[in-house]
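Biologist: Can you walk me through this model? Keep it brisk.
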Amino acid sequence: QVQLVESGGGLVQPGGSLRLSCAASGTFFSIDAMGWYRQAPGKQRELVTTITSGGSTNYEDSVKGRFTISRDNAENTVYLQMNNLKPEDTAVYYCNADVRQTFYTQPTNYWGQGTQVTVSS
């Protein structure tokens, strides 16, 4: 059983910063891609950013230059540094990871429980 536990959400003023963390726990062989998604009220969940096990990254256009994803493979943790936050960034942010149970098996996709980020003055 694999669990993804997020932390770091909260209330911040426009222009402020937050850092989200997501730690994977349980028994597994390795983690392939990790990423962050978000879901605002009344909207569909959308991809924010991803990072491969080798460190290659991908960002949704609206967060480029403001958000930075990183990971610590030894700690099975992914981070999201969010700078210059805007009210439209308000959403529940979800961690996502493709986890391999063994070297030979295909990865299984897991989600965290979500953490609320609210940007408001």
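Modeller: Terms first. Two strands pair if DSSP finds at least two bridges between them. Strands are DSSP runs of E, at least two residues, numbered from the N terminus. The model is predicted, so local features need pLDDT of at least 70, side-chain atom pairs count only at pLDDT 80 or more, and totals for chains, interfaces and linings use all residues. Residues are numbered from 1 along each chain as its sequence is written, and side-chain values use heavy atoms, without hydrogens and water.

Biologist: Fine. In β8, what is the bridge partner of Ser21?
Modeller: Tyr79.

Biologist: And how many bridges join β3 to β8?
Modeller: Six, and the two strands run antiparallel. Strand β8 covers residues 77-82.

Biologist: What is the strand order in the open sheet?
Modeller: β1-β3-β8-β7, with antiparallel pairing. The edge strands, each pairing on one side only, are β1 (2-7) and β7 (67-72).

Biologist: New topic. Where does Phe29 lie?
Modeller: In the loop between β3 (18-26) and β4 (30-39).

Biologist: What about Ser121, buried or exposed?
Modeller: Exposed, because its relative accessible area is 83%. Ser121 lies in the segment after β11 (115-119).

Biologist: How far is Ser121 from Met34 in space?
Modeller: 31 Å, C-alpha to C-alpha. In sequence, Ser121 and Met34 are 87 residues apart.

Technical notes: Helix = DSSP H or I, 4+ residues; strand = E, 2+ residues; numbered from the N terminus. Buried < 20%, exposed > 50% of the residue type's maximum accessible area, 1.4 Å probe, protein only.
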